[in-house]
Amino acid sequence: MRLPSSPPSRRRLTRCVRRSSNLVPPTRAEEGCLDYQLYESAVAPGTFITTERWRAQADLDAHLGTEHLQTALAQTADHLAEPPGIHPLTPIEV
């Protein structure tokens, strides 16, 4: 998921995201969560990215409805330049 801050809200969004203890640990503890990482872009400070791996689509679907995710999205919504971007990825065998 990509969370780009709006310029006037960059500091506020950064503070919200850095206090993400209400999001990251509960997500990592969810059934089917194989990996969940939170990053800030080095080239676009104030843009936050989560990388996630789920056992199955149903596990991801369940995560999207969790209270902790919905709360985090509600707390950050006013500070985003655009809606969160979700970009499902498919591995490329090389």
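Reader: Why does Ser 6 count as buried?

Author: Please keep in mind that this is a predicted model. The relative accessibility of Ser 6 is 14%, and buried means under 20%, so Ser 6 counts as buried. Ser 6 sits in the loop between β1 (2–4) and α1 (10–18). Apart from neighbours within four places in sequence, Ser 6 is in contact with His 79, Leu 80 and Ala 81.

Reader: What makes His 79 buried?

Author: The relative accessible area of His 79 is 10%, and the limit for buried is under 20%, so His 79 is buried. His 79 belongs to the segment after α4. Not counting residues up to four places away in sequence, His 79 touches Pro 4, Ser 5, Ser 6, Ser 9, Arg 12, Leu 13 and Cys 16.

Reader: What makes the meeting of the side chains of His 79 and Ser 9 a polar contact?

Author: Their distance is 3.4 Å, and a polar contact asks for a pair of N or O atoms within 3.5 Å. The side chains of His 79 and Ser 9 are therefore described as making a polar contact.

Reader: Why is Leu 73 called partly exposed?

Author: Its relative accessibility is 23%. Buried would need a value under 20%, and exposed one over 50%, so Leu 73 counts as partly exposed. Leu 73 lies in helix α4 and touches Met 1, Leu 3 and Pro 84, with residues up to four places away in sequence left out. Leu 73 and Pro 84 are eleven residues apart in sequence, and their C-alpha atoms are 8.5 Å apart in space.

Reader: How do you know that Glu 82 forms a salt bridge with Arg 2?

Author: The closest N and O atoms of Glu 82 and Arg 2 are 3.0 Å apart. A salt bridge needs a side-chain nitrogen of Lys or Arg within 4 Å of a carboxyl oxygen of Asp or Glu, so Glu 82 and Arg 2 qualify. Glu 82 lies in the segment after α4 (67–76) and Arg 2 in strand β1, so the pair ties together parts that are 80 residues apart in sequence. Glu 82 counts as partly exposed at 39% relative accessibility, and Arg 2 is partly exposed too, with a relative accessible area of 31%.

Reader: How many salt bridges does the rule give?

Author: The count comes to three. One of them joins the side chains of Arg 55 and Glu 31, at 3.4 Å from N to O. That pair links distant parts of the chain: Arg 55 is in the loop between β3 and α3, and Glu 31 is in the loop between α2 (24–28) and β2, 24 residues apart. Both Arg 55 and Glu 31 are exposed.

Reader: Why are β1 and β2 called edge strands?

Author: The three strands form an open sheet in the order β1-β3-β2, with antiparallel pairing. β1 and β2 (33–40) each pair on one side only, and that is what marks them as edge strands.

Reader: How do you know that β2 and strand β3 pair?

Author: Two strands pair if there are at least two bridges between them. β2 and strand β3 (residues 47–54) have seven bridges, in the antiparallel sense. Cys 33, for instance, has Trp 54 in β3 as its bridge partner. Helix α3 (residues 57–64) lies across β2 and β3, at about 140 degrees to β3.

Reader: Which residues make up the largest nonpolar core?

Author: There are seven: Leu 23, Val 24, Cys 33, Tyr 36, Trp 54, Leu 69 and Ala 72. β2 and α4 each supply at least two residues of this core. Another core, of six residues, lies apart from it, and among its members are Met 1, Leu 13, Phe 48 and Leu 80.

How values were computed. Residues are numbered from 1 along each chain as its sequence is written. This is a predicted model: local features need pLDDT of at least 70, side-chain atom pairs count only at pLDDT 80 or more; totals for chains, interfaces and linings use all residues. Side-chain values use heavy atoms; hydrogens and water are left out. Helices (H or I, at least four residues) and strands (E, at least two) are DSSP runs, numbered from the N terminus. Buried means under 20% relative accessible area, exposed over 50%, partly exposed in between (1.4 Å probe, protein chains only). Contact means heavy atoms within 4.5 Å. Axes are lines fitted to C-alpha atoms, for helices over the stretch in contact, and angles run from 0 to 180 degrees between N-to-C directions. A nonpolar core is a set of buried Ala, Val, Leu, Ile, Met, Phe, Trp, Tyr and Cys residues joined through side-chain atoms within 4.5 Å. A polar contact is a pair of N or O atoms within 3.5 Å; within protein, one must be able to donate a hydrogen and the other to accept it, and residues adjacent in sequence count only if both atoms are side-chain atoms.
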